[in-house]
Amino acid sequence: ATALSLLAEMVSARVELDTITYSAAVSACEKGGQWATALSLLVQMVSGRVQLNTITYNAAISACEKSGEWDQALRLLVETALARVE
């Protein structure tokens, strides 16, 4: 939760979040088993027009997999292929 708290503080301080900061937060969600929060962060990235990359998707897919959310993991895998993420 510390990484997510830091992300919230950055937003409050009006720091512009980028792919790296979001990827770190999604990775923290992966480690904490917070798959729904990881997916929420992906939605925030899209709405904020922040570039999603392989690292971001892999962390989100892993968060879903570790929580047994296979349907979500597969959906993200397909989305990655369709978006031709690098």
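Which helix does Glu79 lie in, and what is around that helix?

A: Glu79 lies in helix α5, where helices are DSSP runs of H or I with at least four residues, numbered from the N terminus. Before going on: this is a predicted model, with local features needing pLDDT of at least 70, side-chain atom pairs counted only at pLDDT 80 or more, and totals for chains, interfaces and linings using all residues. Residues are numbered from 1 along each chain as its sequence is written, and side-chain values use heavy atoms, leaving out hydrogens and water.

Glu79 is partly exposed, at 29% relative accessible area (under 20% is buried, over 50% exposed, partly exposed in between, with a 1.4 Å probe and protein chains only). Its C-alpha is 9.2 Å from that of Tyr57, a residue 22 places away in sequence.

The axes of α4 and α5 are 7 Å apart, and the two helices pack at about 160° (axes are fitted to C-alpha atoms over the stretch in contact, with angles from 0 to 180 degrees between N-to-C directions). That makes α4 roughly antiparallel to α5, the label for angles over 145 degrees, with roughly parallel kept for those under 35. The crossing of α4 with α5 is left-handed, as the near helix is turned anticlockwise from the far one by less than a right angle. From α4, Tyr57, Ala60, Ile61, Cys64 and Glu65 meet Trp70, Gln72, Ala73, Leu76, Leu77, Glu79 and Thr80 of α5, contact meaning heavy atoms within 4.5 Å. By class, that contact splits into 8 nonpolar, 2 polar and 2 charged residues (Asp, Glu, Lys and Arg are charged; Ala, Val, Leu, Ile, Met, Phe, Trp, Tyr, Cys and Pro nonpolar; the others, Gly among them, polar).

Helix α5 (residues 70–83) also packs with α3 (residues 35–47), at about 25° and with axes 11 Å apart. So α3 is roughly parallel to α5, and their crossing is left-handed too. Here Trp35, Leu39 and Leu42 of α3 meet Gln72, Arg75 and Leu76 of α5. The α3/α5 contact has 4 nonpolar, 1 polar and 1 charged residues.

One more step takes us from α3 to α2: their axes come within 8 Å and cross at roughly 165°. α2 and α3 are therefore roughly antiparallel, and this crossing is left-handed. Thr19, Tyr22, Ala25, Val26 and Cys29 of α2 make the contact with Thr37, Ala38, Leu41, Leu42, Gln44 and Met45 of α3. That one has 8 nonpolar, 3 polar and no charged residues.

Some of these names come back in the largest nonpolar core, with its 23 residues (a set of buried Ala, Val, Leu, Ile, Met, Phe, Trp, Tyr and Cys joined through side-chain atoms within 4.5 Å). Those with the most contacts inside this core are Tyr22, Val26, Leu41, Leu42, Met45 and Leu76. Each of α1 (2–12), α2 (19–32), α3, α4 (54–66) and α5 supplies at least two core residues, and α4 gives the most, with 6. Val26 touches Ala38, Leu41, Leu42, Thr56, Ala59 and Ala60, leaving out residues up to four places away in sequence.

Conventions. Parallel < 35°, antiparallel > 145°, perpendicular 65-115°, else oblique.
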